[in-house]
Amino acid sequence: MRYRTRVASTLFLLIAVVGSASAQSPTPPVAPTLENRIRALEKQNHELQRKLDLVQREMAAAAPKAPELAVAPPAAVDRPISVSGPESTPPTRPEKAGEGTRVDLEQGVQIISKDDRFRVEFHNLSQFDGRFFSATGSGPDALHNNFDIPRQRLYFNGQVDDAFDFYTVLNRGYGSFDVLDAYVNFKFDKRFNVRVGRTKTPYSYEYYKVAEGDLVAPERSVFVGNLSPNRQIGAMAYGRLLDERVEYAAGLFNGPHRSFQDFNNYKNPFFFVNTKPFLNSDTDLFRHLNVGGSVNFGREDDPLEPTALRTANDETTTGAINNVSPAFLRFTPDAREFGRTAFWSGDVTWFYRSATMLSNYTGGFITYAQPNRPTTEVPYQGYSVAFTYFLTGEEITARKEVKPLRPFRLHDPRHNPGAIEPYVRFSYLRAGANVFSSGLADPRTNSRDAAVLDLGANWYLNQYLRIFLDWQHAEFGSPVQIGSDKLVRSSNLFWFRTQLYY
């Protein structure tokens, strides 16, 4: 019996081995082609990505949601921080600096309390210019080829408890060292906040939403640079509504441009709105399309500001600007603002991947007075269109700080070029003909309109250092006096700027 069992087991084992060998050796396998391998890898990669997306969605759904904090809109800070790609990213983890405090040195100096309720920040903005003109002239007010520091700013801002923050900027440009901004924010909710102090007035997207360090060209477009109400003392409410698709600001300000002092009892209302109608759409094409407008009005009895309209204006109030920016319309020294004033702006701004388009159509009027003459209401109108594109692939959703994908490295500039952004901008400003007929300016040496073309490139070596290269060509409607001995119909400015923000 045992013998029969052994024979049966042996036969069964032989049959299994022979069957296995016959099943494995019909024909040799055919080597897969390169195309088949690529397809298999793509299929595998697609499946892994699908599983990863599913896990991330499940983790996000399971994670507890943080309480909603009252945060200021991008315009709440004159020089907000962002990077290429998303409009905002989580802050870097600060280093421990001692018991109960932390320090973050990646962008300026931030000192943060242990419970995150208190924060102090220090930042620096330094700009160095070289300006070279095709026509200079002679005399104390003539243009000069020059090197200058148009802005040196020290920022001191922070948070006091959860519901309050402050913002102070000291600035030295062509004028004296002075306080540029000084305000406090009362943060109730992202839909409603209050600001009091000296701050940017909410007029036009270009002025209110784009800081001086984030401009397309070295300075603002000709209408906004000359006639924006600039910084004033007052109070305003601001916030974002409808899932952040609508941003608004409404305030009451003193009225005089670029001034700490008011000269009458009237206060000027300001209203600003900006919408992103396709912010929550499924496609990227128009997700960051901005459409909005602003208006302000009032009554003035103030010294004249500005005293001249210029093509490369940095909104300074000092006479030193005479030597660095062409003036095409100089008002008589005895003129002042006296009477009604109003301005409006319509804005369309579009960000799509590496491309940017900023445009506005602006208008308004100012009432002027001179001794022994009737008042004159002078109308103004203008527009601006700018296009930019990052050749190196960076993507932005707002004019904020840019973090290059490949920061510049001197030892290997070919593979680490920084971020390169060529641009073109055309802007126009025109005053009413009565600016001459009323005697407010001399038609023999001034023009009531200017068309300005800026063509250049921005080179971001890293997120802190930026170089502007700009050719500005201006055409005037009538001859303009440069210095004391020259009349020109056009002006060329060859301009470079080095900017450090940390």
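Colleague: Which residue in S20 does Arg425 stand opposite?

Modeller: The model is predicted. In it, strand S19 (residues 419-431) and strand S20 (residues 449-460) run antiparallel and are joined by 12 bridges. Within this pairing, the residue opposite Arg425 is Asp454.

Colleague: Over how many bridges do strand S18 and strand S19 pair?

Modeller: Strand S18 covers residues 376-389, and its pairing with S19 is antiparallel. Gln381 stands opposite Arg430 in S19. The number of bridges between S18 and S19 is 9.

Colleague: Is Ser345 buried or exposed?

Modeller: Ser345 lies in strand S16 (residues 336-352). Among the residues it touches are Tyr203, Gly292 and Tyr361. The relative accessibility of Ser345 is 5%, and the cut-off for burial is under 20%. Ser345 therefore counts as buried.

Colleague: Which strand gives the largest share of the lining of the second largest pocket?

Modeller: The second largest pocket holds about 450 Å³ of space. Its lining has 23 residues, with Asn171, Leu180, Glu315, Thr316 and Thr317 nearest the centre. By class, 5 are nonpolar, 9 polar and 9 charged. The largest share, 3 residues, comes from strand S8.

Methods: Residues are numbered from 1 along each chain as its sequence is written. This is a predicted model: local features need pLDDT of at least 70, side-chain atom pairs count only at pLDDT 80 or more; totals for chains, interfaces and linings use all residues. Side-chain values use heavy atoms; hydrogens and water are left out. On a 1 Å grid over the protein atoms alone, a cavity is a set of points where a 1.4 Å probe fits but cannot get out, and a pocket is an open set with protein on both sides within 12 Å along at least five of seven lines; lining residues have an atom within 4 Å of a point. Grid points are joined across faces, edges and corners, and a volume is the space filled by probe spheres set on the points. Helices (H or I, at least four residues) and strands (E, at least two) are DSSP runs, numbered from the N terminus. Ala, Val, Leu, Ile, Met, Phe, Trp, Tyr, Cys and Pro count as nonpolar, Asp, Glu, Lys and Arg as charged, and the others, Gly among them, as polar. Two strands pair if DSSP finds at least two bridges between them. Buried means under 20% relative accessible area, exposed over 50%, partly exposed in between (1.4 Å probe, protein chains only). Contact means heavy atoms within 4.5 Å. Lists of a residue's contacts leave out its neighbours within four places in sequence.
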